[in-house]
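Dear colleague,

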Amino acid sequence: MEDTMTSTDKPTPTPTPTQHRFMAAIADNGGVSANAMHLVGGRRLIRGCESNGWVAEEPKEGGHPGQIQHRLLAAGYQALGREMPAGHLGVRLITITCQDFMCYARATTVVAWKPLGSAGLNKAFCQTHADNWREVVANHLPKTAPIAEGTQTFVADGEGTQVGTCRHCGHYIYLYFSVAGREGNWWRESQWDETGRCGDAEQRTGGWMVWHEPATTVEDRDAALAATVCGRSEQHAMGDCRPAGQAAAGPAAT
Ligand SMILES: [Zn+2]
Ligand SMILES: [Zn+2]
Ligand SMILES: [Zn+2]
């Protein structure tokens, strides 16, 4: 049994009594909520459970478009103190932990700032610590953006660009700071990619339009990496696997 249920090594916090009741109801229901909103009566509690990697929102199987359900994840069973039933997928969400000292919460906000006379910097925080940090760096033009589902790290240039892995093609994809808060899917394979279309996936589907979208679980990411068209299974940018001249997208974002 793995002891690390999220992508970090920090321990998971303890559920509140209401969170416990919510997750127990899902567990009793076979691991998937029949009607999460009815169970809990509001979004806040659900978000708390989601941000800890205990439950994930997903499209409702057999439901009408836009209808959602909640699935209890491996970390959720662990937080409940229950064994995960045999046959349940041990889903592990891709998450980033708050970079504040001793905070174990999932990071939801990236703060980017620019110290005088030096390059930009960025850090990922939970909401509380993002607010704190904005005050700490208030004199250095702090800006914030939400961290997207599937973000696993940031480009090291301090600009706050989020990095995920496309669940269709297995390549690094990027969510640039200036578009991170916008509605819709803004993941791109490089800064020269204007459409976000996933060419490898479109070849496979024989012409259906497919867009790069991030894997949000470790399992989906690993499956995509094991099935890249280029044949490389270690993580890399689209620009690093095509012969020069053939790459429509130019070099990868640095
Ligand atoms: Zn925090
Ligand atoms: Zn892709
Ligand atoms: Zn490749």
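Two strands are said to pair if DSSP finds at least two bridges between them, and the strands themselves (E, at least two residues), like the helices (H or I, at least four residues), are DSSP runs numbered from the N terminus. This is a predicted model, in which local features need pLDDT of at least 70 and side-chain atom pairs count only at pLDDT 80 or more, while totals for chains, interfaces and linings use all residues. Residues are numbered from 1 along each chain as its sequence is written, and chains are lettered from A and ligands numbered from 1 in the order in which they are written.

The chain holds 7 helices and 8 strands. Strand β7 runs antiparallel to β8 (residues 172–175), to which 4 bridges join it, and glycine 164 stands opposite isoleucine 173 in β8. In the hairpin of these two strands, which has 6 residues between them, glycine 170 takes a positive phi near 80°. Strand β6 (residues 153–154) is also antiparallel to β7, with 2 bridges, and phenylalanine 154 has glutamine 162 as its bridge partner.

Is β7 buried or exposed on its two faces? Both faces are covered, since Gln162 and Gly164 on one side and Val163 and Thr165 on the other are all buried (20 or more other C-beta atoms within 10 Å of a residue's own, with C-beta atoms placed from the backbone; 12 or fewer is exposed, and in between is partly exposed).

In helix α7 (residues 218–225), the buried residues are Arg221, Ala224 and Leu225. They lie on the same side of α7 because they cover an arc of only 100° around the axis, taken from the directions from the helix axis to the C-beta atoms. The buried residues of α7 pack against β7 (162–165), where contact means C-beta atoms, placed from the backbone, within 7 Å.

With kind regards

Technical notes
Two residues are in contact if their C-beta atoms, placed from the backbone, lie within 7 Å.
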